[in-house]
Every structure is written in C-alpha cells, then in structure tokens.
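Please read it alongside the model.

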Amino acid sequence: MSKHQIESFSNGSFSVRNLELNECMHSSIGPWSEAQQIYLAQSHLVDRILSTDARSDSRPFVIYDIGLGIAANALATLELLRATTAQTSPGRRVILMSFETDLEGIKDALVRHDLFPFLDRNTAIIQKLIESGPVSEKLGNGVEFDWELKVGDFRDHLADCPLADIIFFDLYSPKSCPALWGLRTFQALFQKAHALPKKTTRETLLITYSASTAARTALMLAGFYVGKGTSTAGKKETTLATTQFSSLESPLGRDWIEHWRRSSRPVPADYPDLQEKQNQSEILAKLLLSIQGN
Ligand SMILES: C[S@@+](CC[C@H](N)C(=O)[O-])C[C@H]1O[C@@H](n2cnc3c(N)ncnc32)[C@H](O)[C@@H]1O
C-alpha cells in the first residue's frame, strides 16, 4: 500500500500527503502557486541567469531542487526558462539538480496526472528523467538545459555536485524532520555555495518556505545571511538565505533577535550542549554579527 495519498485543497488544486508523517507536500495554495510565489518569484531566476555572463564565467548556472516531491518547483523552473525569450550569452548552461529519497510520491501523482496540470503537460520528460536518467533540452533563448535526478539523501550527493547558484530547500517541515533543518545540513550546503574565501563574484541564494527560528539560526551559524521572504496565503513569512548580505531586501534585524531570545526552540536540534549558558551567548554574538552583515 502506498504511503502517499492525493489531497484536494479548497482552491481546486491538489497535493500529496505523506501518511507516515501526516504532512502534505504543499501548503493550501497548492504546488504550482507555491512554486511560482515562493521559489521562482523570489529567486528572480531569469535575471540572475542573464546577469551571470557565460563569457567571463564559464561555470554552469546550477539550481539545487531539494526535494523533487511531485516536481512542481522543477517543472515551474523548466517552463519559465522555456518561455523566456531574452537571449543569454552563448553557451549558457543551466543545470537543474533534483534530489529525492522516495520516488513513490511522484509516481503516485503521475498515475493521476489529470489532477496536476503541470505533470499533465510534462509527463514524457518526467517519466524519462525517472526511468532513464538525465534529460537535456536546448531552449529557444540559447540556454542549454540539463536536468539530473539524484536519488537518495541529498547530503550524500553533495560532494559530487557543482557549486549552487540557487537552492530550493523544500523538505518536509522542521517539526517532522528536525535533523534535515539542522546545523550540519546547512554547513554542508554552505560548502556548495559561492562564498568567500572561494574566489567568486557570484551569489548563492537559498529559498525555503519555512520561517522556523531554529532553522534560521542554523542557516546563520552555517555562514548564510538570512532575511524575511514573502508571505503567501498559506505562509505568513518565508526565508531567504544568501552569501551576499547586500542582496537581502529584508535582513533579519533586532526585532528577530528579541524574538529569538523569547523562543522556546531557538537553536537547531544538532547544536551541541544547547542548555549551556556559554553556548547561548556565543550563538547570540554570532547572530548579532550576522544581522549586521559580518
Ligand atoms: C515538501 S516535499 C517537496 C515538494 C516539491 N519541491 C515539489 O515541488 O513538489 C519534500 C520531498 O523531499 C523528499 N525528501 C525528504 N528527505 C529528503 C532527503 N534527505 N533528500 C532528498 N529528498 C528528501 C521527500 O520524499 C518529499 O518528496
């Protein structure tokens, strides 16, 4: 018996519920609106790709899609790039790397692709990705698009992955899977970021739907600068984490630090000796530096 169940939302969209965690893959706005509002709009993806000049920096533009789920974020990315007519510099290569531990969710959704218009439009490419490996498409605007699927825990694949420009961090909630939102996870992702001391003019932006205090703390302790992301009908606030402080429109500030002090769960589950007073003041000092862009 499948551990996933298709669920309908009041706006007419559908998602997939993981029955073991009793958690839906998407908020009540549905997978496609979530992909558009939280991940694509906030990444300014096309502008970012266009502004990374392939002539001066030949490395590909890399997007991590963690996790694939039912591929709403991945297919929204592909469809956006297909629809973009602005020319990129010659040979610009975009690599979309999707990570997924459990392909059962998308396989179940594909059986009812009639309920998911984005799957219905893209059944062939997604079947090919799952069954026979990477797919490539030469897009009208000169982008060479490669889509790879890494099956298993994304953390086990990172060593073989190129540095990321964009990270869509879309896993089940910190409440259900605290370790996935912990310090070690974000330290591993920071290793794959365009960040000093590596020689770089590029930025890495991580986007997630969660505004969890402990997850934001973990991101900051790992080295990212963190800001508030957009709100949606399903989420009061989302989170943006970047390697370039100046690119944050709404960096977390003193009000967030006050909230952190009052929080009942201020630090990630894998931070050592949380109860130690000394550690708490060390963390606070690091967070204060981070909100100032240091
Ligand atoms: C909230 S859903 C993702 C929704 C998806 N982004 C979409 O556009 O439909 C979370 C997904 O992450 C997968 N997942 C959970 N832990 C993972 C891990 N350690 N590595 C890779 N994928 C993981 C789950 O199996 C699930 O399909």
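Strand 3 (23-24), helix 1 (31-43), helix 3 (72-83) and strand 5 (93-100) each give at least two residues to the lining of the largest pocket. Helices (H or I, at least four residues) and strands (E, at least two) are DSSP runs, numbered from the N terminus. Helix 1 makes the largest contribution to this lining, with 3 residues.

This is a predicted model, in which local features need pLDDT of at least 70 and side-chain atom pairs count only at pLDDT 80 or more, while totals for chains, interfaces and linings use all residues. Residues are numbered from 1 along each chain as its sequence is written, and side-chain values use heavy atoms, with hydrogens and water left out.

A pocket here is an open set of points on a 1 Å grid over the protein atoms alone, where a 1.4 Å probe fits, with protein on both sides within 12 Å along at least five of seven lines; lining residues have an atom within 4 Å of a point. Its volume is the space filled by probe spheres set on the points, which are joined across faces, edges and corners.

| Pocket | Volume | Lining by class |
|---|---|---|
| Largest | about 660 Å³ | 17 nonpolar, 10 polar, 9 charged residues |

Ala, Val, Leu, Ile, Met, Phe, Trp, Tyr, Cys and Pro count as nonpolar, Asp, Glu, Lys and Arg as charged, and the others, Gly among them, as polar.

In the largest pocket, 36 residues form the lining, and Met 25, Gly 67, Asp 170, Leu 171 and Tyr 172 lie nearest the centre. For the second largest pocket, helix 8 (residues 213-222) supplies the largest share of the lining, 3 residues.

Now to Asp 57. It sits in the loop between helix 2 (45-51) and strand 4 (61-66). Asp 57 counts as buried because its relative accessibility is 13%, and buried means under 20% (1.4 Å probe, protein chains only). Its side chain makes polar contacts (N or O atoms within 3.5 Å, one able to donate a hydrogen and the other to accept it) with the side chains of Arg 59 (3.0 Å) and Arg 202 (3.0 Å).

Three strands form an open, antiparallel sheet in the order 1-2-3. Strand 1 (4-8) and strand 3 are its edges, each pairing on one side only. Strands pair if DSSP finds at least two bridges between them. Strand 1 and strand 2 (residues 14-18) pair over 5 bridges. His 4 stands opposite Asn 18 of strand 2.

Key
Buried < 20%, exposed > 50% of the residue type's maximum accessible area, 1.4 Å probe, protein only.
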